[in-house]
Structure formats: C-alpha cells, structure tokens
Amino acid sequence: MPGVKGWEVWLYSDFTDYQVWCRNFRSYRRAVRFMKKELGNDNSFYCATISNDAHNDGRPAFQTYYWNGRTIIPWSETYVLSRRQAMKLEPNGNGQPAGSD
C-alpha cells in the first residue's frame, strides 16, 4: 500500500509533566534514526518504543530503548523503568542498573 507509514516511534518523558509523543515512518531505518536523534538530543525524553503491526522483515514488532544520559540502551525486559532507574543503566547492555546485583 503506497503511502503507508508502518513504523511508529513513541517517545516518553516524566520530566516536569508526563509527555508522550508519536511519529510515524515508512522505514525502520528512518524510525531508528529519529529515535536516536531525539533521545540523544538531551531533551526531556528518556524512553522510546518502535513498533510495527504489519512487520514481515524479521524484526521484533515492538522494541523498547532507554537513554541513560550517555547512550541509548535496548531493553528487552517485560517491566518498565523510571527515569531514575534508566539513568543508572550500564551501557554494556546487561539490562541491570549500575551497582545492583
């Protein structure tokens, strides 16, 4: 279907007031580029999701990412983090806040 924008990027913020912002893209590559630009821009957003209901290219239909103030960290756990917890994530991708056992 021409003109269909299948990839949705949702950005989440809890800074001052809770904000959610969504934007649609035709390609996964553009969705990821936008997500990286917005999270890494030091805005109030600390979490992003990328989803596509009609994907068929082998990528997961729903992906979550957190910004720890230095890098974007992919998140595959079923639970959600607060901004404070996300800021403590280690960039090595172990999915654990720094200093936790």
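I looked up valine 9 and found it opposite arginine 23 in strand 2. Strands here are DSSP runs of E, at least two residues, and helices are runs of H or I, at least four residues, both numbered from the N terminus. The model is predicted: local features need pLDDT of at least 70, side-chain atom pairs count only at pLDDT 80 or more, and totals for chains, interfaces and linings use all residues. Residues are numbered from 1 along each chain as its sequence is written, and side-chain values use heavy atoms, with hydrogens and water left out.

Next, the sheet. I traced strand 1 (residues 7-13) and found seven bridges joining it to strand 2, the two running antiparallel. Two strands pair if DSSP finds at least two bridges between them. The open sheet has five strands in the order 2-1-3-4-5, with antiparallel pairing. Strand 2 (19-25) and strand 5 (72-75) are its edges, and each pairs on one side only.

I then turned to helix 1 (residues 28-40). It lies across strands 1, 2, 3 (47-51), 4 (62-67) and 5, and runs at about 15° to strand 1. Axes are lines fitted to C-alpha atoms, for helices over the stretch in contact (heavy atoms within 4.5 Å). Angles run from 0 to 180 degrees between N-to-C directions.

Arginine 23 came up again. It lies over the face of phenylalanine 34, at 5.0 Å from the ring centre. The rule wants NZ of Lys or CZ of Arg within 6 Å of the ring centre and within 35 degrees of the ring normal.

I checked the aromatic rings. Rings of Phe, Tyr and Trp (its six-membered ring) pair if their centres lie within 6.5 Å; planes under 30 degrees apart are stacked, over 60 edge-to-face, the rest tilted. The count comes to seven aromatic pairs. Tyrosine 66 and tryptophan 75 are edge-to-face, 5.7 Å centre to centre, with 90° between the planes. Tryptophan 75 and tyrosine 79 are edge-to-face too, at 5.4 Å and 85°.

Is tryptophan 75 buried or exposed? It has 6% relative accessibility, so it counts as buried. Buried means under 20% relative accessible area, exposed over 50%, partly exposed in between (1.4 Å probe, protein chains only). Tyrosine 79, at 39%, counts as partly exposed.

Last, I looked at tyrosine 46, in the loop between helix 1 and strand 3. It counts as buried because its relative accessibility is 7%. Leaving aside neighbours within four places in sequence, its contacts include Tyr12, Leu39, Tyr66 and Leu81. The backbone oxygen of leucine 81 lies 3.2 Å from a polar atom of the tyrosine 46 side chain.

How values were computed:
Polar contact = N/O pair within 3.5 Å; in protein donor to acceptor, adjacent residues only side chain to side chain.
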